Each structure stands twice: as C-alpha cells, then as structure tokens.
Amino acid sequence: MNANLGFSPLPSLWVTVDWRLVNNFYRINDVNNALGKADNFGVLNLRIHYENPTVQVFFKINNLTGEEYVEFQSSNASNLNGAGESPMPPIGVTTGVTIRF
C-alpha cells in the first residue's frame, strides 16, 4: 500500500511525502508458503522538487525514519537455513540537477 501527500509552498517548488507499507507477502522460493509470511515494514520518504524553464533540481531522502527492513526475504524452499536476505540501507539520499539550454 502506498500513501502520498504533496503540496506546493511556492509556485515552482513541490514537497512530497510518501509512505509505503509492505505486509502479507511470502518469502522467495517458499513455493508451498510453508515457512510463514515475511516480516512487514513501512518506509517513509521525502522528496523536494524545484523546477523553472531552465533548471530542475530535486532532493530525495529514502527511509526518512531509518527503519531496518529487508526487501527480499528468501528461503531454501524447505527451511530458513542458508536463506538470503537483501537488507536495505538505513537512510538514502539522492539529488539531481537538470539544466536546459
């Protein structure tokens, strides 16, 4: 489930907050769904975007609260021994600039 809230405090500036809730999903390779569901998590992100006719700038913080979570929880199809996980970084920052000529 995703929820977004955005507002524009100035004509060329947008601020967006989004929350992503992941729950009720099963582990990869658990084809019989015998090992139970994977852990649930919720992630809060923030994006600030400024744009005019010549410049576009954005700044994004992923996982604003530093939630510890795993996107892909795996199994070896019969138990969790040797299962792989892909832990996500606690906080990620992305920025970008586009200049139009």
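Predicted model: local features only at pLDDT ≥ 70, side-chain atom pairs only at ≥ 80, totals over all residues.
Residues are numbered from 1 along each chain as its sequence is written, and side-chain values use heavy atoms, with hydrogens and water left out.

The protein contains 7 strands and 0 helices, helices (H or I, at least four residues) and strands (E, at least two) being DSSP runs numbered from the N terminus. The order of elements from the N terminus is accordingly β-β-β-β-β-β-β. The C-alpha trace spans about 55 × 25 × 20 Å along its principal axes. The radius of gyration, taken over C-alpha atoms, is 19 Å, whereas a compact globule of 101 residues would have a value near 13 Å; the globule rule is 2.2 Å times the number of residues to the power 0.38. Of the 101 residues, 23% are buried, where buried means under 20% relative accessible area, exposed over 50% and partly exposed in between (1.4 Å probe, protein chains only). Among contacts (heavy atoms within 4.5 Å) with a separation of 6 or more, 49% are between residues 24 or more positions apart.

An open sheet is formed by 5 strands in the order 1-2-3-4-7, with antiparallel pairing; two strands pair if DSSP finds at least two bridges between them. Strand 1 (2–10) and strand 7 are the edge strands, each pairing on one side only. From one strand to the next the twist averages 10°, with axes being lines fitted to C-alpha atoms (for helices over the stretch in contact) and angles running from 0 to 180 degrees between N-to-C directions.

Strand 1 and strand 2 make up a hairpin with 2 residues between them. These antiparallel strands are joined by 7 bridges, strand 2 comprising residues 13–22. Along this pairing, Asn 4 lies opposite Asp 18, Leu 5 opposite Val 17, and Phe 7 has Val 15 as its bridge partner. On pairing with strand 3, strand 2 forms 10 bridges, again in the antiparallel sense. Trp 19 is bridged there to Leu 44 of strand 3.

The largest nonpolar core consists of 6 residues, namely Val 22, Phe 25, Ala 38, Phe 41, Val 43 and Tyr 69. Such a core is a set of buried Ala, Val, Leu, Ile, Met, Phe, Trp, Tyr and Cys residues joined through side-chain atoms within 4.5 Å.

His 49 belongs to strand 3 (residues 41–51). His 49 counts as buried because its relative accessible area is 15%. The side chain of His 49 makes a polar contact of 3.3 Å with that of Arg 47. A polar contact is a pair of N or O atoms within 3.5 Å; within protein, one must be able to donate a hydrogen and the other to accept it, and residues adjacent in sequence count only if both atoms are side-chain atoms. With residues up to four places away in sequence not counted, His 49 touches Ser 12, Leu 13 and Trp 14, together with Gln 56, Val 57 and Phe 58.

Thr 98 lies in strand 7 (residues 92–99). Its relative accessibility is 38%, so Thr 98 is classed as partly exposed. Apart from neighbours within four places in sequence, the contacts of Thr 98 are with Thr 54, Val 55 and Gln 56. The C-alpha atoms of Thr 98 and Glu 51 are 9.2 Å apart, with a sequence separation of 47 residues.

Asn 63 is located in the loop between strand 4 (55–62) and strand 5 (70–73). Although not a glycine, Asn 63 has a positive phi of about 60°. Most residues other than glycine have a negative phi. Asn 63 is classed as buried because its relative accessible area is 2%.
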